[in-house]
Amino acid sequence: MTTRTASLALDGPALRFTATTGSGHTLVLDSTDGDAGPRPAELVAVAAAACAAMDVISILRKKRQQVSRYEIKATAEQREDAHPAVFVRIDVIHVVEGEAVEVEAVRRAIELSATRYCAVGGTLSTGVTAIHHRYIVRSGGDEVMGEALVTGPFERHGDQAVIVDREPIGR
């Protein structure tokens with residue numbers, strides 16, 4: 001089993017923290033008052049997007065897709081009616097450009113990331129969060145948009161995780 005670690009130290013009298021990851025990288029987190037770094041909740045969307053992006057581009061390269069530009073956008077919605085303000089939906093949009101990029105290769109790379117490789121998305125989708133994985137492929141003057149899949153949310157019933165009803169795709 002792999003263990004990931006992080007250490008945070010309060011930096012001053014406000015809500016600013018310096019975080020150090022187990023790999024030795026540091027970043028500053030802050031509240032809206034200090035605004036010296038991202039809010040902790042913003043990092044959930046960053047982590048979900050980054051994990052998927054690294055998987056997807058690696059898979060596309062193995063499939064010899066000639067990607068000239070790749071951008072990923074994530075939008076995370078938090079409930080406001082109760083605390084904790086958990087995330088109830090995360091939309092991940094993959095924008096892939098390149099001559100002769102195959103839409104099915106992009107869709108399958110996203111699917112593999114979401115269902116097999118991405119630890120962040122896998123963790124989030126086992127709880128109350130639905131993660132919508134979408135793509136935009138720009139190739140040869142055409143643009144194709146679609147949704148690869150939705151993962152989560154799940155509820156626990158004894159020792160089983162069961163998918164709960166969710167709104168239809170195309171919200």
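**View 1. Residues of H1 meet residues of H2 in this predicted model.** From H1, the contact takes in Cys51, Ala52, Asp55, Val56, Ile59 and Leu60. From H2 come Ala105, Val106, Ala109, Ile110, Leu112, Ser113 and Tyr117. By type, the residues of this contact are 11 nonpolar, 1 polar and 1 charged.

**View 2. H1 and H2 pack at an angle of about 130°.** H1 spans residues 42–62, and H2 spans residues 103–117. Their axes lie 9 Å apart. The two helices are therefore oblique to each other. The crossing of H1 past H2 is right-handed.

**View 3. The largest nonpolar core has 15 residues.** Those with the most contacts inside this core are Leu60, Val96, Val106, Ile110, Tyr135 and Val137. Two or more residues each come from H1, H2, strand E6 (130–139) and strand E7 (142–151). H2 gives the most, with 6 residues. Leu60 of H1 and Val106 and Ile110 of H2 also belong to the contact between the helices.

**View 4. Tyr135 is in contact with residues beyond its neighbours within four places in sequence.** Among them are Val103, Val106, Arg107 and Ile110. His94 is another partner of Tyr135. Val144, Met145, Gly146, Glu147 and Ala148 complete the list. Tyr135 is also one of the residues with the most contacts inside the largest nonpolar core.

**View 5. Another core lies apart from the largest one.**

Technical notes
Residues numbered from 1 in each chain as written. Predicted model: local features only at pLDDT ≥ 70, side-chain atom pairs only at ≥ 80, totals over all residues. Heavy atoms only, no water. Axes fitted to C-alpha atoms, helices over the stretch in contact; angles between N-to-C directions. Helix = DSSP H or I, 4+ residues; strand = E, 2+ residues; numbered from the N terminus. Parallel < 35°, antiparallel > 145°, perpendicular 65-115°, else oblique. Left-handed = near helix turned anticlockwise from the far one by under 90°. Contact = heavy atoms within 4.5 Å. Nonpolar A, V, L, I, M, F, W, Y, C, P; charged D, E, K, R; others polar. Core = buried A, V, L, I, M, F, W, Y, C linked by side-chain atoms within 4.5 Å. Buried < 20%, exposed > 50% of the residue type's maximum accessible area, 1.4 Å probe, protein only.
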